Amino acid sequence: MLELIEIAQLVTGIATLIVASVLIWQMIIQKRTLDIAHNDADANMSLQAMESRSEQQRWLVDNCDQNMIDKLKKGFEHLNDEEKQIAQTHFDNVLQMIVTEYRLGRLNQSIEYTKHNFRNKIMMNEYKAMRDLFRELYIFESPDFILASKDFMDVGKDIWEEIEGKELALKNKE
């Protein structure tokens, strides 16, 4: 009788090990599947970001002429009402794209990537009008900016200060 109980315990133990092994194997397979899905999602987000940026750049080119480009270099106040609307729309669209990428953790919220976007995608490097728009957005918002985190906005602030060669401070709200 004792041998039968020992055999039953041994069989139960082996069955438990087999079930545990199968569960571990399923977890490994599930982890691999999730990793693949994550990589696919990141690749899809990258492709969508590139398509969106390309479309925005085409839109700006279609709505901008050399005269407007010259005015963009001088500053926002040099634009007429229609040009201001075009510049503002471009600024808002690109800012929204890079905020979304940053918020979703694109490239692990790389500061260098974000700086590149402020310099080249919003075109703060090239056009004073875009720096003027950023300045107005930055100084009239609180540090707890609703659109993006303070860290994100501070990257833009750093780029603005680097290009303009002066400090950018929040406007005092009284």
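The radius of gyration here is taken over C-alpha atoms, and the globule rule to hold it against is 2.2 Å times the number of residues to the power 0.38. For a compact globule of 174 residues that rule gives a value near 16 Å, but this chain comes out at 27 Å. Keep in mind that we're looking at a predicted model. The box tells a related story: along the principal axes, the C-alpha atoms fill roughly 100 × 40 × 25 Å.

What is the chain built from? Helix α1 takes in residues 2–62. V22, which has its place in α1, is partly exposed because its relative accessible area is 44%, between the 20% and 50% cut-offs.

Now jump to α6, residues 150–164. Its 15 residues reach 20 Å from first C-alpha to last, close to the expected 21 Å. Its buried residues are F152, M153, D154, V155, G156, K157, I159, W160 and E161. Their cover includes α3 (81–103), α4 (111–121) and α5 (128–139). Just after α6, G165 takes a positive phi of about 75°.

Back to the whole chain: 31% of its 174 residues count as buried. Among contacts between residues at least 6 apart in sequence, 66% join residues at least 24 apart. The chain exposes about 11600 Å², with carbon and sulfur atoms supplying 56% of that. As for charge, the mean positions of the 21 positive and 30 negative charges lie 5 Å apart.

Definitions and conventions:
Residues numbered from 1 in each chain as written. Predicted model: local features only at pLDDT ≥ 70, side-chain atom pairs only at ≥ 80, totals over all residues. Heavy atoms only, no water. Helix = DSSP H or I, 4+ residues; strand = E, 2+ residues; numbered from the N terminus. Expected span 1.5 Å × (residues − 1). Buried < 20%, exposed > 50% of the residue type's maximum accessible area, 1.4 Å probe, protein only. Contact = heavy atoms within 4.5 Å. Areas by Shrake-Rupley, 256 points an atom, 1.4 Å probe, with all protein chains shown as cover. Lys, Arg positive; Asp, Glu negative; His and termini not counted. Charge placed at Lys NZ, Arg CZ, Asp CG, Glu CD.
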